[in-house]
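This report works through the model from its overall build to its local backbone features. The structure is shown first, and the description follows.

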Amino acid sequence: MTPLALGCLLISIGLYGLLTRRDIVAVLASIEVMLGGAQLLLATYSAGVTQASAAQGITVIVLATVGAEAAVGLALLVALVRRNRTRTDQIEEVRG
Amino acid sequence: MSLLRDMPTLVVAVPLLIGALLLLGLRFWGRSAPWLALIGPLVAVAVGAASLQGGSSGSVRWLAAGDSALTLGYQVDGLSAIMLLVVGVVAACVIVFSIGYMHGDRGFVRYFAILSLFTAAMSGLVIAADLVGIFIGWELVGACSFLLIGFWYEKPAAAEAARKAFMVTRVGDAAMLVGLAILWRATGTLELSAILGSVGSLAPAVVTTAAICLLFGAVGKSAQFPLHIWLPDAMEGPTPVSALIHAATMVAAGVFLIARTWPLFEASPEARMVALVLGTITALGAATVALPQTDIKKVLAYSTISQLGFMFAALGVGAWPVAIFHLVTHAAFKALLFLTSGSVIHGSGTQDLREMGGLRRTMPLTAVAWIIGGLALAGIPPLAGFFSKDEVVGSVLVAAPWAGVALLVASLLTGAYVARATRLAFFGARRGTHEAHESPWTMTVPLAVLSICALGLGFAGPSIAAVLGAESEPLSLGLAALAVGLASAGALGGWLLAADGGAREGAFRPSVAAVWSTARDGYHFDSLVNAGLVRPVTALSRFTDSVLDRGAIDGIAEGLAKLARAAGGLLTRTMNGDGQNYSALVAAGAIVLLCVTIWLVR
């Protein structure tokens, strides 16, 4: 399996999970999977380019961002769990 | 005096200002209102008298647009001076008379305010030096007439009559406006002197069309057939108003307009023929309708229409100074008759001739005034109506014998309806239950003033002709004898008809009774107009309202709104707060974009 195909597969799996799962934890995990796929595609493409250092730099920055995003997401998750809302259809009203 | 002669605009400014002041202080003026309102007519009389031997003129540019501008000016000549005198004297008499007649009315001050405004508008009309000024005055007197006919607006009949008068005269006014437009297009100006000076250089068709348009404006204002239907209904207004507006001044404005624009009519035999035919029809027809009326004011209303028909017939044969002479005498005796009928209504509490009778015993002054007015109207020498009517009939008879004969028959009928009304109201046994009483001095003094005019004005014929710059026609003795004989015969017939308080009219054979009641209804002309014109137009209005306006136009507007709302509703459904739904849409959008990109770079 080529890295390109793997990247596409990861994004597709992540998208599928994002759209179909109602569990917030699963949705967050799906987003992480999609990000992983996107990163893989970026890194793969950069390998065939002469000035690869820029793409690789971006990849590293995105990794850090993903870490931050996961922290924020999990904090929100904790807040939602405290209100006993762990399914996406329970948080349609994002007020208050 | 020279101040009055040089500043004739005072006749507009003073009553206009007073009218505005009165309107501003409806609760403030109280019983002083009539004396304030009296100033306007007195100014008109003074200016008119000062300008008899030649007045002044002036104008300002108005509504300038590029090279073309309307001028608004005044021009006081003999005709204006005479009209100012008529308007001023009658208006003054009416205002004094109204003090008693309108005593205790809730709209006392409002009444005199509108009378003052009317005086301003009518004076403006007669001193205007251009058709713009005439038209403005023309419309303003119409508006004042509307306000005064509907003065007792709580009464549905009065409100209805006011609307009717306004709408019917509007038909004529529209024609007049078209005439103005034609003249403007042909000559580039609406100044009377310029237009009348260039009549010779205009195409005959243009002159005729313009003249006929102006004539129809006059027909509407002067209640000539077929636009006469508003005047009998206008009797719903206070009686002094009928005397001023619907007998003496405003309805005579049509005759004045034609006299003012005479060169147009002189150049157009067709327009004169239309005036002659309409005038003759009106004079004869209205006289027959006046005969069977039971309402004293309706008798006078149809009589006014008939007498205006005489004036139009005189205009139709080219005798415009004669028409103006008859206008002046008619203003005096018809205003007298109307004010007398007001006094009768005030004193006897009814305006139905069948409920009067024997009033000469309780209202002697009023009875004398009425008889003077009636004799003048019937054309009995030496009262005013004799001279002017004789000149009218004489000039028409020479130019168009058929019309002259019709006018002679109308004179006969005039005698008949006057005598009938006189006997029914003032002679015989008292039939009403109301305790009749003579009216106060404020009401009898104006009657006396107008009686003197009705007695003496006939002798002013040559002077009026001289002021108008025309030759006075010598009286033809044979014709005069014939006319007086016919009028007397008619009067005798009318007198006999009214025996026993009108009991004879109830005992007609069925065939006669049918004709009698048809004539009383004005030959059903009103219902004819209603069925033939008013109802179709109403139906058309309803159609355009419900189908075109509400259906099509509102349908389009509301349909667009509904479409937008529906589209919004559809989009609202996607905004349900479900994040995954949004994500799905984003993904779908991304896929679409991806496909497009792939297809484009292919």
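Two strands are taken to pair if DSSP finds at least two bridges between them. The model described here is predicted.

## The strand pair of chain B

In chain B, strand β1 (residues 57–65) and strand β2 (residues 68–75) run antiparallel and are joined by seven bridges. One of the residues involved is Gly58(B), whose bridge partner in β2(B) is Tyr74(B). The two strands form a hairpin with two residues between them, and in the turn Gly66(B) has a positive phi of about 65°.

## Overall build of chain B

Apart from its two strands, chain B has 28 helices. Its C-alpha atoms fill a box of roughly 115 × 60 × 55 Å when the box is taken along the principal axes. Of the 602 residues in chain B, 53% are buried, and among contacts between residues at least 6 apart in sequence, 81% join residues at least 24 apart.

## Helix packing within chain B

Helix α4 (residues 39–50) and helix α5 (residues 78–101) of chain B have axes that come within 7 Å and cross at roughly 155°. Angles over 145 degrees count as roughly antiparallel, and α4(B) and α5(B) are therefore roughly antiparallel to each other. The contact of α4(B) with α5(B) divides into 14 nonpolar residues, two polar and no charged. The crossing in which α4(B) passes α5(B) is left-handed. On the α4(B) side the residues that meet α5(B) include Leu42(B), Val45(B) and Gly48(B), while those of α5(B) include Leu85(B), Gly88(B) and Ile95(B).

A second pair in chain B consists of helix α12 (residues 239–248) and helix α17 (residues 320–348), whose axes come within 8 Å and cross at roughly 160°. By the same cut-off, α12(B) and α17(B) are therefore roughly antiparallel to each other, but here α12(B) passes α17(B) in a right-handed crossing. Among the residues that make this contact are Thr239(B), Leu244(B) and Ala248(B) of α12(B), together with Lys334(B), Phe338(B) and Ile345(B) of α17(B). By class, the contact of α12(B) with α17(B) has 10 nonpolar, four polar and one charged residues.

## The contact between the chains

The contact between chain A and chain B takes seven residues from chain A and eight residues from chain B. On the side of chain B that touches chain A, two residues are nonpolar, five are polar and one is charged.

Helix α1 (residues 3–20) of chain A and helix α28 (residues 579–601) of chain B have axes that come within 8 Å and cross at roughly 145°. Leu15(A), Leu18(A) and Leu19(A) in α1(A) meet Gln580(B), Ser583(B), Ala584(B) and Ala587(B) in α28(B), and the residues of this contact divide into five nonpolar, two polar and no charged.

## Backbone exceptions in loops

Most residues other than glycine have a negative phi, and most peptide bonds are trans. The peptide bond from Phe225(B) to Pro226(B) is cis, with omega near 5°, and Pro226(B) lies in the loop between α10 (204–221) and α11 (230–233) of chain B. The bond from Pro381(B) to Pro382(B) is also cis, with omega near 0°, and Pro382(B) is placed in the loop between α19 (364–378) and α20 (384–399) of chain B.

Ala223(B), found in the loop between α10 and α11 of chain B, has a positive phi of about 55° although it is not a glycine. His524(B), in the loop between α26 (510–520) and α27 (525–574) of chain B, likewise has a positive phi, near 55°. Is each of these two residues buried or exposed? Ala223(B) is buried, because a residue counts as such if 20 or more other C-beta atoms lie within 10 Å, and Ala223(B) has 29. His524(B), with 12 C-beta neighbours inside 10 Å, counts as exposed.

Methods: Residues are numbered from 1 along each chain as its sequence is written. Chains are lettered from A and ligands numbered from 1 in the order in which they are written. This is a predicted model: local features need pLDDT of at least 70, side-chain atom pairs count only at pLDDT 80 or more; totals for chains, interfaces and linings use all residues. Two residues are in contact if their C-beta atoms, placed from the backbone, lie within 7 Å. Ala, Val, Leu, Ile, Met, Phe, Trp, Tyr, Cys and Pro count as nonpolar, Asp, Glu, Lys and Arg as charged, and the others, Gly among them, as polar. Axes are lines fitted to C-alpha atoms, for helices over the stretch in contact, and angles run from 0 to 180 degrees between N-to-C directions. Helices (H or I, at least four residues) and strands (E, at least two) are DSSP runs, numbered from the N terminus. Angles under 35 degrees count as roughly parallel, over 145 as roughly antiparallel, 65 to 115 as roughly perpendicular and the rest as oblique. A crossing is left-handed if the near helix is turned anticlockwise from the far one by less than a right angle, and right-handed if clockwise.
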